[in-house]
Amino acid sequence: MEKEKPPILGLIQRGGEVVLQMLPNVQQATIQPIITKTISSGSLVYTDEYDIYARLEDWGYGHKSVCHAWGEYARDDDGDGFCEVHVNTMKGFWSLLRSWLRPHRGISQEKLPIYLGFFQFVHNTRRRGKALLGALIAALVA
């Protein structure tokens, strides 16, 4: 694994906060505790077709997915003209994270959780410039 990209689980509430967690492996037993700690039981969870999410309903969540392999990226299930079933919010977040990490080429897997934590903090505080610095200092002092 030292030369591979480690798996990272990302959970994001539309219009809300993000949670990032570097994983030792990609197994349901690994993601279940993170999901149950982060997402309220009974919530509707949108994913892609990856089979790691197959037990979400068994764990007490509603689950809808899009199948990228079939060319499906968004779906309007209720006929209101709004494609509510998609994972575009998380995909957009991954794009921002990759762009932010790109100039820091060669991040060690040991340090990657620190970078992920900082990026998660920046996203969740939704502040930039001096306001971000104030929020960061407040978080460090608390």
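I looked up helix α1, residues 28–38, in this predicted model. I listed its buried residues as Thr30, Ile31, Ile34 and Ile35. I then asked why these four sit on the same side of α1; they cover an arc of only 115° around the axis, which puts them there. On the other side of α1, I found Ala29 and Lys37 exposed. I checked what covers the buried residues of α1, and the cover includes β1 (8–12) and β2 (18–22).

Next I looked up the nonpolar cores. I noted 13 residues in the largest core, where Ile31, Ile35, Leu56 and Tyr61 have the most contacts inside it. Both β1 and α1 supply at least two residues each to this core. The largest share comes from α1, with 3 residues.

Setting aside neighbours within four places in sequence, I recorded contacts of Leu56 with Ile35, Val45, Thr47, Tyr61 and His63. I also noted a second, separate core of 10 residues; Phe93, Trp94, Leu97 and Leu112 are among them.

Last entry: leucine 132. I placed leucine 132 in helix α4, residues 130–141. Is leucine 132 buried or exposed? Its relative accessibility is 15%, and the cut-off for buried is under 20%, so I count leucine 132 as buried. Beyond neighbours within four places in sequence, leucine 132 is in contact with Phe121, Val122, Thr125 and Arg127. I also looked up its separation from aspartate 58: the two C-alpha atoms are 40 Å apart, with the residues 74 apart along the chain.

Key: Residues numbered from 1 in each chain as written. Predicted model: local features only at pLDDT ≥ 70, side-chain atom pairs only at ≥ 80, totals over all residues. Heavy atoms only, no water. Buried < 20%, exposed > 50% of the residue type's maximum accessible area, 1.4 Å probe, protein only. Arc of directions from axis to C-beta. Contact = heavy atoms within 4.5 Å. Core = buried A, V, L, I, M, F, W, Y, C linked by side-chain atoms within 4.5 Å.
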